[in-house]
Amino acid sequence: MATRRTATKPAAAKDAKVETKATATAVKETAPVKEAPVKKVAPKKVAPKKPAAVAAAAKAAKTKAEAPAEVKAETKVNFVVEFNNKQNSVEDIINNVKATYGKDAKEISIYLKPDENKAYFVADGEEGSMDVFFC
């Protein structure tokens, strides 16, 4: 009896292999199902919304950038131009150029020529010059 049981097991295994091959070929032979064509719709353009956390962080960074830095101390610089053993501070020259221009300027460029005792400047696109006396 022991031989019959072992003989039936391989036969059952062979039958299972035949069945799986038959079902596999049956699946291959069936015609593929045609799907209806899908219409492509252009996506609507919507402005992305910022999450509240991102907006709050951006606002905090902006206020931090605008606020004066308490930790970082500004360095005071005294800049003096000396020519022929005579001195003139840069702050005085800047204030004199502003007074010579006569109105508030957004941007001023100053070119100092001590050998000519002159300061040439461009204030908001207008050129000018002034005398600088080294005392």
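Glycine 128, in β5, is the bridge partner of phenylalanine 121. The model is a predicted one, in which local features need pLDDT of at least 70 and side-chain atom pairs count only at pLDDT 80 or more, while totals for chains, interfaces and linings use all residues. Residues are numbered from 1 along each chain as its sequence is written, and side-chain values use heavy atoms, with hydrogens and water left out. Helices (H or I, at least four residues) and strands (E, at least two) are DSSP runs numbered from the N terminus, and two strands pair if DSSP finds at least two bridges between them.

- β3 (108-113), β4 (118-123) and β5 (126-131) make up an open sheet of 3 strands in the order β3-β4-β5, with antiparallel pairing.
- Because β3 and β5 stand at the edges with a single partner strand each, one side of each is left without a neighbour in the sheet.
- β3 and β4 pair over 6 bridges in the antiparallel sense, with serine 109 opposite valine 122 of β4, and the hairpin that they form has 4 residues between the strands, with asparagine 117 in the turn at a positive phi of about 55 degrees.
- β4 and β5 likewise pair in the antiparallel sense over 6 bridges; alanine 119 has methionine 130 of β5 as its bridge partner, and the hairpin has 2 residues between the strands, with aspartate 124 in the turn at a positive phi of about 50 degrees.

**The β1-β2 hairpin**

- Strand β1 (residues 80-83) pairs with β2 in the antiparallel sense over 4 bridges, and asparagine 88 in β2 is the bridge partner of valine 81.
- Between β1 and β2 lie the 2 residues of their hairpin, and asparagine 84 in the turn has a positive phi of about 55 degrees.

**Helix α3**

- The buried residues of α3 are Ile93, Val97 and Tyr101, and they fall within an arc of 70 degrees seen down the helix axis, so they line one face of the helix; the arc is taken from the directions from the helix axis to the C-beta atoms.
- Glu91 and Ala99, on the other side of α3, are exposed.
- The cover over the buried residues of α3 includes β2, β3, β4 and β5.

**The nonpolar core**

- The largest nonpolar core has 10 residues, namely Val81, Ile93, Val97, Tyr101, Ala119, Phe121, Ala123, Met130, Val132 and Phe134; such a core is a set of buried Ala, Val, Leu, Ile, Met, Phe, Trp, Tyr and Cys residues joined through side-chain atoms within 4.5 Å.
- The elements giving two or more residues to this core are α3 (90-101) and β4.
- Methionine 130 touches Ile93, Asn96, Val97, Thr100, Asn117, Lys118, Ala119 and Phe121, not counting residues up to four places away in sequence, where contact means heavy atoms within 4.5 Å.

Methods:
Buried < 20%, exposed > 50% of the residue type's maximum accessible area, 1.4 Å probe, protein only.
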